[in-house]
Amino acid sequence: LAIQGFDPVAFFTHARAGEGDPILNAVHEDAVYRFASATNRDLFVASPAKYTPAYGGYCASAVTKMAIKSSYPTIFWMHEGRLFFFHSDAAYEEWAAALEDNVAQADDNWPKLVEKFGTSSAPAPVRWLTNKTDKAVAIQGYDPVAYVTEKKAVQGTEEYSAVHEDAVYHFASQENRNLFAADPKKYLPAFGGFCGYMASLNTLKDITPTCFDVTVLGRTVLMHNPKALELWKAKKAENMAKATGNWEGLVFRFGSAPTTKTLLNKTEADLALQGYDAVAYFTQHTAVHGSPEFSAMHQGLTYRFASAVHLELFTATPSKYAPAFGGYCAYAASRNALKEVTPFCFDVAEGRLFLFSNEQATALWKADEKGCLARAEEEWPGLVVLHGLAPNPKILVNKGVGRLALQGHDPVAYFTQKKAVSGKPLCTAVHEDAVYRFFSFENRDKFMAEPAKYVPVYGGYCAYGASRSVLKPITPTLFEVVDDKLYFLQNKEAMDHWKLDWRRIRYKANANWPGMVSRHGEPVQTKVLVNKMEGVLAIQGYDPVAYFTFKRAEEGDPSYTATFEDAIYQFATAAHRDQFLRYPQKYVPAFGGYCTYAASLNVLKDITPSCFDILDGRLVLFHNESALEIWHEDAERTFAKSKANWAGLVVQHGTHAGSRVLVNQEDGPVAIQGYDPVAYIEQKEAVQGNAQFSSVFGGMIYRFASPANQATFQESPAKYMPSYGGYCGYGVSLNVLKDITPTCFDVVDGRLVLVHNQKALELWKHSPSRTLHRADANWPGLVMRKGTVPEEKVLVNKNEYNLALQGYDPVAYFTQKAAVRGLPDFTAVQDDAIYRFASAENQHMFLECPKMYAPAFGGYCGYAASMGVLQQVSPQCFDVFDGRLVLQHNDTAQVMWRSDARGAMMRAQANWPSLEVLNGSVPVHKVLVNKSDTNLALQGYDPVAYFTQSMAVEGHPSFTAVYENAIYRFNCAEHRDRFTQNPSKYVPAFGGYCGYSAA
């Protein structure tokens with residue numbers, strides 16, 4: 001938002017500062033300008049350069065001194081048709097004292113400041129804003145062409161679909177799809193398919209596809225409901241002009257850049273082609289199992305090969321050998337569907353590898369190869385949009401407590417000072433989810449300008465270890481800078497190896513690293529950090545909008561709430577709530593609502609809601625009056641320091657946004673009391689599902705009346721999930737949770753809404769649209785208050801001492817092809833179970849990639865799992881099938897499994913999620929702390945003093961803190977505060993037990 005929302009034209013026309021209206025805006029040079037009237041907006045749009053302020057709206061007086069300072073719109077000067085702003089009255093007077101000289105100096109300085117601080121003047125990235133369902137379907141599946149050609153709303157079908165700007169459009173006929181493909185802009189609905197009338201009011205609203213208007217120019221304008229359509233038609237030309245004027249700003253605020261999705265058929269371990277060699281299909285014309293020894297990464301997947309020659313062929317030109325249609329069944333793709341493949345069913349034609357689900361699909365493809373290929377190519381983009389995922393690359397960085405990289409050493413100093421230098425806790429920066437510390441702010445600025453130059457190779461792990469495909473910790477003082485790259489080593493032995501032949505080690509490490517990132521890395525996830533009371537309520541219930549409108553702290557009313565970034569905000573009036581919902585980023589407090597002054601010191605502190613300030617249109621809150629006074633001494637510098645520290649604080653203390661879910665589990669893990677969710681939508685009736693046809697989604701088991709309904713659900717589960725987590729929709733409209741009667745339901749706009757009983761259904765149907773709107777508004781708050789962070793259940797076959805595989809070594813099944821007993825000296829923990837190994841080497845192999853060696857189906861009998869039941873195993877009865885260890889109950893079960901191994905494997909994999917949900921448990925986070933009968937840790941000694949004073953100091957009962965069910969005492973309040981900011985830094989290793997004994 002430019003000029004803090006003030007109207008730029010009003011300075012010229014009325015010679016005063018006038019606030020703009022959020023409804024009237026325009027975008028210029030990546031900024032949104034607001035206007036007091038439509039006339040002013042039109043003047044600006046016609047000639048933006050005439051009305052935009054000089055020097056980007058920064059303080060003109062500061063520019064004369066080669067500095068950037070924010071300005072206040074009420075302090076301005078008009079000179080020769082130019083608008084100048086100032087930071088303060090003193091700056092204004094200084095400017096006016098030597099006007100001509102100052103203008104000349106500032107004009108000379110400005111290009112240099114733009115060069116130093118400005119962003120690229122390249123065209124702003126393309127943004128798209130389209131109203132679509134969870135599955136990216138536009139206009140709720142209605143045919144966009146029919147609105148224009150037939151002047152009526154016609155439901156399209158999935159059979160005829162096309163993709164445009166990240167959205168899937170359905171059509172009633174092939175003819176309509178062809179018309180759309182030839183000229184999509186002609187048929188696309190105006191305003192991204194959002195309600196046209198609400199766009200004229202500068203807001204976004206969903207639509208009812210049957211409520212529409214077609215303009216004289218043939219554009220379809222959709223509406224929220226009949227009332228909106230009526231209001232639109234009353235002043236059609238005026239509303240169209242307003243909506244058109246607002247749309248660019250709406251796209252700028254709410255749109256997103258196009259995302260390139262990928263759709264790849266892979267196993268749980270990101271293994272392509274089920275481990276088969278992609279090159280062998282071309283060179284040997286047969287399916288050949290690859291070896292883990294010869295692996296390569298492509299598009300985030302691991303491909304295995306039978307030989308080093310095949311590996312080299314693939315890495316030279318991976319796109320030549322990667323299978324068509326993401327490795328899914330090519331014939332199914334020609335039918336607009338996704339199907340798993342059988343690696344033995346394939347065809348190589350025109351230099352491309354096509355895989356199929358079975359022999360029948362292969363024969364059907366070959367019978368009409370050209371026709372099937374053309375149809376599959378046409379359908380594939382839509383399948384990618386519907387089922388694909390935006391790339392979420394994995395990262396792998398060697399991090400310690402608090403996600404601290406390089407054990408707190410300054411990465412820049414290795415280059416500039418050629419030695420290891422400890423960084424300072426108050427001087428930090430974040431890169432790829434890791435916190436780096438720096439010795440000086442100069443070094444931090446160098447890093448932030450060019451992080452890729454300074455971050456160590458192999459994520460800061462030992463380079464020699466990477467050459468052997470294992471992750472090893474490092475010693476920060478053992479490093480080498482080669483070819484402007486920073487490499488670390490674990491110990492003197494690793495350093496000796498490196499110095500002996502660093503080129504070969506680097507070559508091998510470079511080849512291994514992508515696979516190591518795939519196996520051990522984690523996706524980049526956005527965290528949020530919001531200061532919340534009782535885990536949900538922001539700003540202690542105070543109204544964020546009131547700070548701007550009333551210029552004071554005003555308590556909110558629990559009747560008026562809104563949810564944003566995992567927090568609930570309360571408002572004094574409904575009007576304030578609506579203002580917030582229109583543009584939440586404007587009103588949420590800076591630094592997550594924590595004390596801004598504390599953030600400048602790189603710590604988090606709670607706030608007093610009445611201690612606040614507004615700087616550059618941002619609300620900043622403070623711990624107390626004292627912190628506010630310090631802030632006022634140099635607000636801009638403090639704000640800049642807080643801003644620089646905030647990313648690190650979020651990484652260290654934040655949580656992943658949108659992580660809570662709320663699902664009706666009144667009747668256990670079976671959803672909708674076992675009723676078929678698809679039947680509600682497709683058959684418009686409540687039908688009891690069959691346990692034989694079950695699928696797991698969102699941690700719940702859904703049952704279906706037929707395999708056809710199960711397949712329909714699996715293609716698009718979000719479409720059939722009940723609204724409001726399966727709770728009563730009418731109850732949610734009243735902001736309460738109620739159980740449901742499965743036979744009492746309604747389907748509104750393709751959404752399944754269940755209700756408590758017949759009376760609730762009658763009340764719901766009295767005004768379904770209004771009740772649905774209220775329920776939709778209440779649901780995010782209910783999820784925040786009552787929801788939980790989902791925790792995946794695991795099911796592992798183990799004894800009363802948590803020992804898996806009856807103590808047998810899981811790695812030996814792969815390396816020795818035999819059942820070998822493990823030893824108590826070599827153990828590892830995975831999914832709450834303890835595995836034993838015959839040697840340290842096997843233990844290390846397991847720890848490097850536990851999912852590869854852990855038995856399939858939790859170590860239960862594979863054949864029994866294929867029958868949908870659990871059964872104990874005999875460790876000597878096993879197979880390694882498709883790279884997975886499968887155990888059996890006895891010899892008979894093994895014979896039955898081997899008679900149809902592939903079919904049994906597929907059935908067991910289909911049954912396992914339900915068995916896991918019904919019989920599994922959430923892994924328990926156990927802690928072990930050495931404490932007294934009164935839960936006192938360290939016998940009452942101060943844990944912080946060991947670090948700060950290098951000695952044992954007794955704590956005082958007045959200064960205590962609780963961590964992991966233990967009470968810690970401190971010698972002073974300062975030590976207690978340090979501990980509570982970062983307890984994991986100060987708690988003793990091994991729970992405070994003897995380190996030598998633990999060894």
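I started with Y58, which is partly exposed at a relative accessible area of 34% (buried is under 20%, exposed over 50%, partly exposed in between, with a 1.4 Å probe and protein chains only). This is a predicted model, where local features need pLDDT of at least 70, side-chain atom pairs count only at pLDDT 80 or more, and totals for chains, interfaces and linings use all residues. Residues are numbered from 1 along each chain as its sequence is written, and side-chain values use heavy atoms, leaving out hydrogens and water.

I found Y58 in the loop between α3 (48-51) and α4 (60-64) (helices are DSSP runs of H or I, at least four residues; strands are E, at least two; both numbered from the N terminus).

Next I looked up helix α29 (residues 625-633). Which of its residues are buried? I noted A627, L628 and W631. They share one side of α29, because they cover an arc of only 100° around the axis (taken from the directions from the helix axis to the C-beta atoms). I saw E629, H632 and E633 exposed on the other side. The cover over the buried residues includes α28 (596-600), β24 (608-615), β25 (618-622) and α30 (635-653).

Last stop: Q843, in helix α38 (residues 840-848). I have Q843 down as buried, with a relative accessible area of 15%. Skipping neighbours within four places in sequence, I listed F826, T827 and F837 in contact with Q843 (contact means heavy atoms within 4.5 Å). The Q843 side chain also reaches the backbone oxygen of T827 at 2.7 Å.

Note on methods
Polar contact = N/O pair within 3.5 Å; in protein donor to acceptor, adjacent residues only side chain to side chain.
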